[in-house]
Amino acid sequence: MRKQFLAICLFLIGLTTYAQEREIEFTEFDMDNGIHVILHQDNSTPIVVVSVMYHVGSKNENPERTGFAHFFEHLLFEGSENIDRGEFDKYITNAGGVNNANTSNDRTYYYEVLPSNQLELGLWLESERLMHAKIDTVGVETQREVVKEEKRQRIDNQPYGSILAEIAKRAYKEHPYRWTTIGSLDHLNAATLDEFMNFYETFYVPENATISIAGDIDTEEAKELVKKYFADIPKGGNEVPRPDIVEPEQKEEVRDTVYDNIQLPAVIQAYHMPAQGVEDSYALEMLSTVLSGGQSARLYKSLVDEQQKALQVVAIPFSSEDPGLYLLFGLPTIGGSVKELEEAMDAEIQKLKDELISEREFQKVRNQVENDFVSGNSSMTGIAESLANYHVYYGDAALINDEIERYMKVTREDIQRVAKKYLTEENRVVLYYLPKSQENNQ
């Protein structure tokens, strides 16, 4: 019980926020085998975050073997040549720490939050994951069942859980973003052990890994420990494959109806948007704050409070390494019409196209964006992940301090311009989500 309590405390400390009053300082270097290492020293609390990001996500998969990246997120907790099956988590919890992992379209990320005197443990565990992962029939079969259960809980039995999959397969015709990270269970079931091994040997190699450590460390000591556990891991030797498919421009609206196990209907709009880091992507993210940055933002204030046509309505930019999607999601009031709600959503978009937002509203949006940026980099877990993200996606970890300047350069005119450029009918997919009980009535 004491160790469980300590683990919870460590996790909360790792998430504890503080004002970013100064630049986040860090040291980075490349190892001879290709691993990039980033170290941030902060001795204010006795915890350390050890993380490794692999530049592999669902977009790197064979279209006939989707779901591999997410599957490996699970599989690589099975153990290694030197860690017995099921013992990986025990090492962490016995040390009073916590650990987790996540997968996106573009990368896979593993991290541990540990007492700072357990830095070496975290490095050993991650080196085992990279060099000696246990990939065998027992582990594969075990994790197949785990992924099946996850899909049942998070997608099949979750209201609106299939939205991203239904949108993606209509929004993308050629690009691998057309499938989601959970992938196809049929593909996973059909895959052989050799195919799993090939994926591991292709993408889980030093030249595709970024180690990011943040917390109560001595930078020079941490450098030596990283070298101790990772320097002898050999390169993969082959170029890591990167998809270069460019999705053709969408030239007409795609519209469809999905019947799902839901009680309330919904309307979803998905507009194609540029890749993250592109100038227009910052303006679109600020536009989303104008639309749905809280209950005083335009969509909620107009459609929920004033017109009472919606129970909820939000705008979410799904920024990604390649051009992504800008989603709007709305739930009409009970007995309300999805068509009327869609028209009301369109009217709010049109206002942005027709008129500049006021200086007062613009300053409010700037303040919100700045606060969100600082909050995202105000914990050891957030700093470790941000440093890795900025290196992997932009090749510039210093953006952890500087990217906010790109947001602050966005003008009111930029927000109006991107609304006109991207939020157009011919550039979108529209789905009406309706309860299955209505299917036979249409």
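Here is a short chat about the cavity, a pocket and a surface patch in this predicted model.

Trainee: Hi! How many cavities of 30 Å³ or more does the structure hold?

Mentor: There is 1 in this predicted model, and the volume of the largest cavity is about 40 Å³.

Trainee: Which residues line the largest cavity?

Mentor: Its lining is made of Thr 289, Val 290, Ser 296, Ala 297, Arg 298, Glu 361, Lys 364, Val 365 and Gln 368. Helix H10 (279-292) and helix H13 (359-376) are the elements that give two or more residues to that lining.

Trainee: Which element gives the most to the lining?

Mentor: That would be H13, with 4 residues.

Trainee: Switching to pockets: how much space lies in the second largest pocket?

Mentor: About 360 Å³. Its lining has 18 residues, and Glu 247, Pro 248, Glu 249, His 272 and Pro 323 are the ones nearest the pocket's centre.

Trainee: Now the surface. Which residues make the nonpolar patch?

Mentor: Leu 164, Ile 316 and Phe 318 make a nonpolar surface patch of about 240 Å².

Trainee: Where does Ile 316 lie?

Mentor: Ile 316 is in strand E9, which covers residues 310-318.

Trainee: Why does Ile 316 count as partly exposed?

Mentor: Because its relative accessible area is 36%, and partly exposed covers what falls between under 20% for buried and over 50% for exposed.

Technical notes: Residues are numbered from 1 along each chain as its sequence is written. This is a predicted model: local features need pLDDT of at least 70, side-chain atom pairs count only at pLDDT 80 or more; totals for chains, interfaces and linings use all residues. Side-chain values use heavy atoms; hydrogens and water are left out. Patches are made of residues with over 30% relative accessible area and no salt bridge: like charges are joined within 9 Å, nonpolar side chains (Val, Leu, Ile, Met, Phe, Trp, Tyr) within 5 Å. Accessible areas come from the Shrake-Rupley method with a 1.4 Å probe; for residues, only the protein chains shown count as cover. A salt bridge is a side-chain nitrogen of Lys or Arg within 4 Å of a carboxyl oxygen of Asp or Glu. Buried means under 20% relative accessible area, exposed over 50%, partly exposed in between (1.4 Å probe, protein chains only). On a 1 Å grid over the protein atoms alone, a cavity is a set of points where a 1.4 Å probe fits but cannot get out, and a pocket is an open set with protein on both sides within 12 Å along at least five of seven lines; lining residues have an atom within 4 Å of a point. Grid points are joined across faces, edges and corners, and a volume is the space filled by probe spheres set on the points.
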